[in-house]
Amino acid sequence: MGNTMNELSRRGLLAGAGAVAVSATVGGVADAELHEPGAVTVRPGDSRYDGLVRANNFRFVGKPDEVRLTGSTGQVVRAVSDAVRSGRRIAVRSGGHCFENLTADPAARTLIDLSRMDAVGYDSARRAFFVEPGATLGQVYRTLGRGWGVTIPAGGCPEVGAGGHIAGGGYGPLSRRYGAVVDHLEAVEVVVADQPGVRAVVASRDQNHDLWWAHTGGGGGNFGVVTRYWLRSPGATGTDPSRLLPPQPREMLTCLAVWNWDDQAFTEIVGNFGAWMERNSAPGSPSTGLYPILHLKHRDTGTLELTVQADADLPGVDRLVTGLVTALGVEPAYTYRYKAPWSHATTWPGLGQPGDVATRRYKIKAAYLRRSFTPAQLATIHRHLSEATTVRGGIQVIGYGGQVAAVAPEATAIAQRGAIMKAVYSSLWLEPSDDAANLSWVRELYRDVYSATGGVPVDDGSYINYPDVDLADPAWNTSGVPWSTLYYQGNYPRLRRVKARWDPRNVFTHALGIELLSGT
């Protein structure tokens, strides 16, 4: 189960505390490692090329000169070194689940694809579990659960790659109970291009702390290429792996509540949901074991829906779920509760993997919420979801807060520790001919909801793992507040200092990349 120490060595990883996976600079990596079997380079004309330059969102197609499919840290070092030497801009992809064209930017000439680096296991020397960036969350949950009965509070979509998810401060069904996934990040291995050259560096709470901190919510593709994460819960002691991360729940209880779309019911349900989140999102509250998502769909669908997920063994879970549904103030037309093994619910295929819809196109915008929507915002949302349109977009209001709020905003790169919800505005479609209508609809909805603050959520900002280039566009962000503040708030100056130290030549950049300090 997972990799042995021999496997760690084969992949070029020295597992000792403070070890550097590849200690050489450009041109100095051991020849045997650079020429190990498995390195693959794909260029235009290769039958594999078209499939590799497309990812989850078919709105974007990259045009790199080469795709480097790496299998080890050493191969990543070589790929970065080659790109730097030849002056080719780099894009880095793990799961390919980016909402914008940050990894499919036609300006990127070398795409480093980490999907083959998908090992998950236990590192006894570090007393921590390791996760390589190409592992999907489903793989991570499956390996940790079957091997040691533990898990991490990461996302609920099993096809998402761990590489970008963790670096951006990922969250999911267990985050209200156990915090963000980076609250369990012990160390990270990163291939950087700093003053000594292209090399792999291990950063932890105690070593190269600033680089570790930047990967606790600073977003992927900003400071280097992550080649490995190590995870252990803060305060965990001993050498028993089964006690070093949160336990995997035995079963997941899921509740679905459905309401008929009604004008008065809409406003009452959304308002009461926000009020419930305000009352039940303090760290340690019994209801932080619930992960609720309110699905606000267009009137033409005929329904509004609430889903609630929870550990089926959470004390009083049925009562807590009933209390939430009742608190929304309107009797549902339909409710259904069921239990399934937690491992099945978080890893089983058929839960929205990219191949389920082969040509999906989408636009997603997001915001943190520290409180309920205002009456004016509720009226705006109602209007947009009621008006006649061919677009079938909607909003998800996702429960957050709980144990996430127990960590100080400056302790990690996640600044919005006081948020209790995340709002996700989206539209998904299939045909390129529908691009204009769908993009216009979701952009105008978002702009109008935040019309009082220049079309963007100035008060609480947004989540970098839901990147939205519109926040950097003065046509859609008229607030005068830069995108960098919306995503990182007061932590942005520190992120820029980390960038200046570890990526002084701006080798790793994209449309929403951390900016170098002036004069760097």
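Strands (E, at least two residues) and helices (H or I, at least four) in this tour are DSSP runs, numbered from the N terminus. Residues count from 1 along each chain as its sequence is written. You are looking at a predicted model, in which local features need pLDDT of at least 70, side-chain atom pairs count only at pLDDT 80 or more, and totals for chains, interfaces and linings use all residues, while side-chain values use heavy atoms, with hydrogens and water left out.

**Stop 1: strand β10**

Select V258, which sits in strand β10. With a relative accessibility of 12%, V258 counts as buried; here buried means under 20% relative accessible area, exposed over 50%, and partly exposed in between (1.4 Å probe, protein chains only). Now show its contacts, meaning heavy atoms within 4.5 Å. Not counting residues up to four places away in sequence, V258 touches T303, L304, E305, P332, A333 and Y334.

C255 is buried, at 1% relative accessibility. Leaving out residues up to four places away in sequence, its contacts are L306, T307, V308, V321, V325, Y336 and R337.

**Stop 2: two helices**

Colour helix α9 (residues 263-279) and helix α10 (residues 317-327). Two packed helices are described by the angle and the distance between their axes. For α9 and α10, the axes come within 9 Å and cross at roughly 140 degrees. The axes are lines fitted to C-alpha atoms, for helices over the stretch in contact, and angles run from 0 to 180 degrees between N-to-C directions. To see the contact, show N272, W276 and R279 in α9 with G323, L324 and A327 in α10.

**Stop 3: aromatic rings**

How many aromatic pairs does a search of the whole structure find? There are 19, where rings of Phe, Tyr and Trp (its six-membered ring) pair if their centres lie within 6.5 Å; planes under 30 degrees apart are stacked, over 60 edge-to-face and the rest tilted. Zoom in on F99 and Y362, an edge-to-face pair at 5.6 Å centre to centre, with 90 degrees between the planes. F99 lies in the loop between β3 (90-93) and β4 (110-113) and Y362 in strand β14 (residues 361-369), so this pair ties together parts that are 263 residues apart in sequence. F99 is buried at 9% relative accessibility, and Y362 is buried at 4%. Now widen the selection: ring pairs link F99, Y171, Y362, Y368, Y400, Y463 and Y466 into a cluster.

**Stop 4: charges over rings**

Here, a charge sits over a ring if NZ of Lys or CZ of Arg is within 6 Å of the ring centre and within 35 degrees of the ring normal. Select R494, whose charged end sits over the ring of W213, 3.9 Å from its centre. Then try R126, which lies over the face of W230 at 4.5 Å from the ring centre.

**Stop 5: helix α15 and beyond**

In helix α15 (residues 492-502), highlight the buried residues Y492, L495, V498, K499, A500 and W502. Their cover includes β7 (185-194), β8 (197-204), α8 (209-214) and α14 (483-488). In the loop between α14 and α15, select Q489, a non-glycine residue with a positive phi near 50 degrees. Finish at N506, in the segment after α15. N506 is not a glycine either, and has a positive phi of about 55 degrees; with a relative accessible area of 29%, N506 is partly exposed.
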